[in-house]
Protein chains: 2
Amino acid sequence: MCKEGAVMLKGNMLIAHGGGPTPVINSSLLGAVREAKLHGEIETIYGARFGAEGILAGDLIDLGKFADEDLALLAKTPASALGSCRRKLTDADYPAVLECFKKFNIRYFFYNGGNDSMDTCNKIYNLSVETGYELRVIGIPKTIDNDLDVTDHCPGFGSAAKYAAVSALELAQDVSALPIHVVVMEMMGRNAGWITAASALYADLMPCEQLVYLPEVAFDKERFLAAVKEKWAKGRGLLVTISEGIHYADGSPVADSGVVDGFGHKVPGGAAQALSDMIMRETGLKSRSEKPGLLGRVSVALMSEVDQKEAEEAGACAVRSAVAGKTGYMVGFETAREPYASQTILIPLEQVANAEKKFPLEWIGDDGASIRPAFKAYCEPLIGAYDSRFISLR
Amino acid sequence: MCKEGAVMLKGNMLIAHGGGPTPVINSSLLGAVREAKLHGEIETIYGARFGAEGILAGDLIDLGKFADEDLALLAKTPASALGSCRRKLTDADYPAVLECFKKFNIRYFFYNGGNDSMDTCNKIYNLSVETGYELRVIGIPKTIDNDLDVTDHCPGFGSAAKYAAVSALELAQDVSALPIHVVVMEMMGRNAGWITAASALYADLMPCEQLVYLPEVAFDKERFLAAVKEKWAKGRGLLVTISEGIHYADGSPVADSGVVDGFGHKVPGGAAQALSDMIMRETGLKSRSEKPGLLGRVSVALMSEVDQKEAEEAGACAVRSAVAGKTGYMVGFETAREPYASQTILIPLEQVANAEKKFPLEWIGDDGASIRPAFKAYCEPLIGAYDSRFISLR
């Protein structure tokens, strides 16, 4: 149940970032700040330094002190200009959160993050209801992984998808021009295969063979090695793109980094190297691995214009909605395709908190190593303009 | 000794690629083909499919069949549009080379590659002299590693340097915004540290600490771990950028991929993962590694405009020089800085064959883990225009 009302509420605003950055999280910040400046109800605009850590420590930045032309740089600055953290708030932390809100007279709270952050955001909303502290709480979605539920897609994904799609298509030129080893590339995305699926967006334009492995399908070693040998035999070179989170049928990861993050999740990593080693050991073929890792969430050159604009609008919509009396929601997007159009919607926080949207199994080919065209229709508008024309003279 | 003369030589032309591609090797091809079309002496313009393999097999492509507007795409197509290979020609192969040249009446031969390819190119030049087969041979330089001797720099390096510099600066935003682990990024470059040094081009703009390790300095584990702890203690986050070829004082690599290429060189790879593991094991800090690898030599978005234009000019200069009677040379660049200006020169092939230009020790800081400003003055003009402005609100 979300409270709604148009009662004018005067006070200060706080915006915070949670979890890993995206190329466009700063664009949402820009959209929120610009919108807030239009509303007299919002007096001081604060940002939390390093997310939840800043809230707990009362370490806030007055964003009003920055000139508009400096703030405009947020639209092309990757990572989080406020700082973020992976600290998961526990019940013991909420009194300190409330103390910060009271101390700074925060009446508008915006948390810009993924599933874990939306859970926190929901808890802060519940806290305001339970304690009677008048506060409007809106979540602003952010994740390159695209695994937030209900919304059609999530700001951050379009840019990460463009990075994956373009990198794979460019790499395919190299792989086919000098086909001396199987190349395995690892993409981020944790337990969801959305980004890795985007690496196959231009599969039909690739001058080499491609195999794609998502965490939604259990990894089968024998089937993988047979597919590698079969594709390699075609003599065009072979690019294998995999999710960092791929695992065997029993749930054990293909590679274990041995690291756990602040939310208790295992930090993935190393799967491409593991598969490259496996290929060399088991087939005798040469292989090498690429792992752009965090580079896939910071590239300004491959930022999607569509994603950037939508991220900005998500921030603005959050502030506009709160001023209009909404609380307890996350901003989401509903879309039409052909032609593509999107509009913001409000989704109750309880519907998105901690839910994880996996890549649809019906968009994965029967071989378990390819992506069906339906995904292209979904994803291509999100990455925006891109000139995919290359020439081969061979 | 290089033969020179302006005697008009009618016949066909052959251009071939050798070794690993760069973002701009196709630009050199474009420059050579466009120039060749201006000279009536050159009848048919051939390209070798997959480099030396194509020459040995007589597998040539008539480049005249492609429309100009299609060829124009070469300027933005990464990797090699002709195909390349890592086959090192041996004495036993040269009769087959000569047979191919005679069969196709090749009188102009251009080999576009790095040190190994320039050695091959020099041998083919010597073959023409020894056998009396009238042939003009010019090498077109190509290597992202920038390790070709005599020339100020090499086409391909400017783009790889831009990729390294921009990626590191963008990654530094992420590293400082969420400083939960030491991030180690591995760059290509084999035994030369030029590309890795470029990852420190914007060190003065980085919001985090940085340590840089090149193969020109023996890697010292204790010194490294002490530096990591000292930098981490500053609380700003830490980015460590390393060359794939870093090794200990006894010459043993920090990581051994176990793979040897067609030229007999050990294929490097895995050093970032090895150092990341070392940091976690020995300091208790969290760490993760990124290895963009081949992505650093295919990015169109981070292609240097200066590099692209110079690569095209290198190809054109090679053809122009051969038509004017030159043979036995490699095209190189001599430059002025402030303001930057470059012009092509001809360097006898025997001076560059197999020579390896390392990163100058005097440009490495006393700590062995930083780059001195003199390198910035050298490198920055080569990467061309780049807007390095980011904003932090923290």
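**Strands of chain B and a loop in chain A**

User: Which residue of E5(B) does Gly113(B) stand opposite?
Analyst: In strand E5(B), Gly113(B) faces Pro141(B). A strand is a DSSP run of E, at least two residues, and a helix one of H or I, at least four, both numbered from the N terminus. This is a predicted model, where local features need pLDDT of at least 70 and side-chain atom pairs 80 or more, while totals for chains, interfaces and linings use all residues. Residues count from 1 along each chain as written, chains are lettered from A and ligands numbered from 1 in written order, and side-chain values use heavy atoms, without hydrogens or water.

User: How many bridges join E4(B) to E5(B)?
Analyst: Six, and E4(B) and E5(B), residues 136-141, run parallel. Pairing takes at least two DSSP bridges.

User: And what about E1(B) and E4(B)?
Analyst: Strand E1(B), residues 11-17, also pairs with E4(B) in the parallel sense, over six bridges. There, Ile15(B) has Phe110(B) in E4(B) as its bridge partner.

User: Is E4(B) enclosed or open?
Analyst: Largely enclosed by the rest of the structure, because eight of the eight residues in E4(B), 106-113, are buried (under 20% relative accessible area; exposed is over 50%, partly exposed in between; 1.4 Å probe, protein chains only).

User: New topic: where is Asn354(A)?
Analyst: Asn354(A) sits in the loop between helix H11 (349-352) and H12 of chain A. Its relative accessibility is 45%, so Asn354(A) counts as partly exposed.

User: What does Asn354(A) touch?
Analyst: Leaving out residues up to four places away in sequence, Asn354(A) touches Asn115(A), Asp116(A) and Asp119(A), with contact meaning heavy atoms within 4.5 Å. Asn115(A) is 239 residues away along the chain, yet the C-alpha atoms of Asn354(A) and Asn115(A) are separated by 4.8 Å.
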